[in-house]
Amino acid sequence: MIHADELKGLRIFECLTDTQRQRLAHMAADIRVQEGEWVIREGDPASFFALLEGSVEVMKTFGGIDRVVNKYSRGDFFGEVPILLASPAIASLRAKEASRLVRLDKLQFKELIDMSKECSALIMQTMTQRVTKLQEYIRDNSESRVLVVGSQYDTDCRDIRTFLSMNRIPYEWVDKDRDPDRVPSCMPEDLSGPAVVVDRAYCVGQPPTVRKVAEALGIRTTPNKERYDVVVVGGGPAGLAAAVYGASEGLCVLLIEKAAAGGQAGTSSRIENYLGFPGGISGDELSERALKQATRFGAEMVMTREVQNIEPMQGEYCVELDGGDRVKTRTVILATGVDWRRLDAEGVDRLIGRGVLYGAARTESSTVIGKDIFIVGGGNSAGQAAMFFANYASTVTVLVRGAGLESSMSTYLIEQMKQKGNISVEPYTVVVSAGGDDHLETICTSTRGEAPRTRKADALFVLIGANANTNWLPDGLQRDEDGYVCTGRDIEFWQQRRPPFLLETNFPGLFCAGDVRHESIKRVSSGVGEGSMAIAFVHQYLALQGKDARPIA
């Protein structure tokens, strides 16, 4: 408990009367932290602090790296900037030594300002100085961590840019075809593919790949342990939810993702019907927040790796990754999601990555400015892509095989699309072929079975549903005729005395969540729900294994 006398020696409270200090002491929180402990994390709800004892350092994330931007000692106060700007905490605070702090919430901070004009003036003066200093620091330290030089139509270049974007790593892209004068002089003149430089010092070996770039950035690509409580395969909404809830409940969790956290949901330009985000949120931003949560709770993430086999062995599983790495685990959660369904039209496969794209990553915004683009599909993903690209492209044409959007797209998206003057919808229309030499130049479409017509097209985004890619799973794992994994009551081959858990496959201890599960609801929110439910079943499964099923330390 804080005593009024302890506040006398703090600059921010010196201008208050004894009665006012007494009132603040009674309502303020007494926070005690040890060396290395976090007081508050960037993005948390904002609070106001005054330091009674010890010292803390201010850390802010730039390009995925936490950097110390300031230090505070006894008598300093902080936290006024985000409160007055009505934002979450704009930086993190970590104790440099055992420390003690006074904490006021937003209403208590407002009362402090109202108590004294001198106190209010001191806070506003300090805030102005700190905002100026922060602007200067961001200007001097916000350079992109990665320089990518390559063509718009180079698949490897696009994969690297997409990976960087989905992992929220700032980068600069130089299109060597469109802006040859911007190519750094250190690059060879006969550069055939992309080139990547990390932190302005390290040139990724040729040919650069997503995995090489990830390793250069310090992103983990190999497991750190040999054994885990649960291995989560797939980093989409279901997988990230499982990692967050599993790690927060004390399980030793490994998440393996072959591309980037977020999965297909990570490519959604805007998700507006997800609970808690009335203004909407992009797929990559939602994924980035979930990834931070999982990491904060201690989940281990391995990126750019693909699981090639899951083998049952003596009451646990052996998970084999590409490259030969193996880990053992007591349980597995399959959250691999699905792959985009391929468009069956002449010339499309030849032009993938060269104007024909599956999904609608936000990184493509700069490539469609002022252009005429087409989107194939009538689901929410297609609607979100249309709304996003309409802010950049000259025209956006949505091609729908059926009678319209009403049966497959949420009403709010349909209404928003109607308000955009450069979005048009063509029902009963299919793509017959795609044409172009080096990249997409035209598409041929047919409406109501009429003769095809050729149209100029700068980009074609395909979002026509998805297929389950589960051929790599063990032969005995039960799947439906389309390859989706069966769980719970849909299991036909079950040899245990107990009934299977709701999300458990016919392999005891191997669970499935998200889009790859048979008859799952293909929505981000349902994937998050199933991922968290799977962890609850993991706990119940481990409890059934007896006292030796304690979480791995």
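**View 1. Five strands make up an open, parallel sheet in the order E20-E27-E21-E22-E23.** Strands E20 (356-358) and E23 (423-426) are the edge strands, each pairing on one side only. Strands are DSSP runs of E (at least two residues) and helices runs of H or I (at least four), numbered from the N terminus; two strands pair if DSSP finds at least two bridges between them. On average, neighbouring strands of this sheet are turned by 20° against each other, direction ignored. The model is predicted: local features need pLDDT of at least 70 and side-chain atom pairs pLDDT 80 or more, whereas totals for chains, interfaces and linings use all residues. Residues are numbered from 1 along each chain as its sequence is written, and side-chain values use heavy atoms, leaving out hydrogens and water.

**View 2. Strands E21 (residues 372-376) and E27 (residues 459-462) pair in the parallel sense over four bridges.** Phe-374 stands opposite Leu-460 in E27.

View 3. Among the buried residues are Cys-157, Ile-160, Phe-163, Leu-164 and Met-166.

**View 4. The start of H6 shows a side-chain oxygen of Asp-154 within 2.9 Å of the backbone nitrogen of Asp-156.** This is a polar contact, a pair of N or O atoms within 3.5 Å, one able to donate a hydrogen and the other to accept it; residues adjacent in sequence count only if both atoms are side-chain atoms. H6 is followed by Arg-168, whose phi is positive, near 60°.

Methods
Axes fitted to C-alpha atoms, helices over the stretch in contact; angles between N-to-C directions. Buried < 20%, exposed > 50% of the residue type's maximum accessible area, 1.4 Å probe, protein only.
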